[in-house]
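Look over the sequence and the model before reading on.

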Amino acid sequence: MADTIILKGKVIITGKLRTKTGLHIGGAAGGLDIGGITNPILRHPVSKEPYIPGSSLRGKMRCLLERQMGKPLTKLIQDVRIHECEDPNDYQECPICHIFGLTPDIVRKDKDKTEAWLAKIKPTRLFVRDAELHKSDDDGLKKLKDAKLDLPYAEIKTEVAIDRITSAAVPRQNERVPADTVFGPFEFIYNLYDVNGTGVAADVAWLKHVFKAMELLEDDYLGGYGSRGTGKIAFEDVTLTLRSQAYYAGEEEASDLTQKHNEQPVPLRGINYDDLQTTIAVALA
Ligand SMILES: [Zn+2]
């Protein structure tokens, strides 16, 4: 029997991402020659505004969840070790590989398991968009435009390495987006699929891991030099919207799933996952 994969809905997670310290997401050193900075940040090629690539956010969230769940690091991508299930039966139970996906070569890699993989492999659940500087917020684009900074939208952080014998200080310069800058709205898209009529319950249950990854990221760092004080971020005003199959057919409105307290979205750690699962199940019934 041929597989059927039905998109039952998408949960759209948006909000603001605020830097709590300087943030360094590296760009190409050759692409920027202002002041001879050796470690420039990534910028939009036309506007020169810094942005946070979805791949940086998503990659860090995956990494932190893999560590939290103690997943084996089974795959080498160039010099980078990541987790990827090697057996279709493990994959069946693995939130990481469902949420963040597998590399396409997994199906071909082990010829004995090709059939089993083809029967079990499902589309990636989570997409993460690039996040620009927040346009309408005083802490976003306008604030950085108005500020007198070392470089457009950025500061230069000079660090020194101390020679252990002579005590000579060798400076190096890193470019950073200043603390208290707002990017957004960030946008995460979480897809809910029904594969072969099995329903969306597993996908809905796994959604909580996305929020856990966001929590873990707040207590870790984004970008480079995190062990030296850079890259602390916070998610703010997190809103959740469900766009169902019926929404895309033009038959119903999107449902607001944002949990609120005193009219404000609850903080990340305040989200009640049981309530969320129930609300989604009712909305999709
Ligand atoms: Zn896995």
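Helices α7 and α9 cross in a right-handed way. This is a predicted model. On the α7 side, the contact is made by V204, A205 and K208. On the α9 side, Y273, Q277, I280 and A281 take part. By type, the residues of this contact divide into five nonpolar, one polar and one charged.

Helix α9 spans residues 273-284. The two helices, α7 and α9, pack at an angle of about 140 degrees. Their axes lie 10 Å apart. Angles over 145 degrees would count as roughly antiparallel, and 65 to 115 as roughly perpendicular. The pair α7 and α9 is therefore oblique.

## The sheet

Which strands form the open sheet, and in what order? There are five, running β4-β7-β1-β8-β9. Their pairing is antiparallel. At the edges are β4 (126-128) and β9 (255-256). Each of these edge strands pairs on one side only.

Strand β7 covers residues 182-195. Three bridges join β7 to β4, and the two strands run antiparallel.

## Where helix and sheet meet

Helix α7 (residues 201-218) also packs on the sheet. There α7 touches β1 (5-19), β4, β7 and β8 (233-244). The direction of α7 makes about 155 degrees with that of β7.

Notes
Residues numbered from 1 in each chain as written. Predicted model: local features only at pLDDT ≥ 70, side-chain atom pairs only at ≥ 80, totals over all residues. Pairing = 2+ DSSP bridges. Helix = DSSP H or I, 4+ residues; strand = E, 2+ residues; numbered from the N terminus. Contact = placed C-beta atoms within 7 Å. Axes fitted to C-alpha atoms, helices over the stretch in contact; angles between N-to-C directions. Parallel < 35°, antiparallel > 145°, perpendicular 65-115°, else oblique. Left-handed = near helix turned anticlockwise from the far one by under 90°. Nonpolar A, V, L, I, M, F, W, Y, C, P; charged D, E, K, R; others polar.
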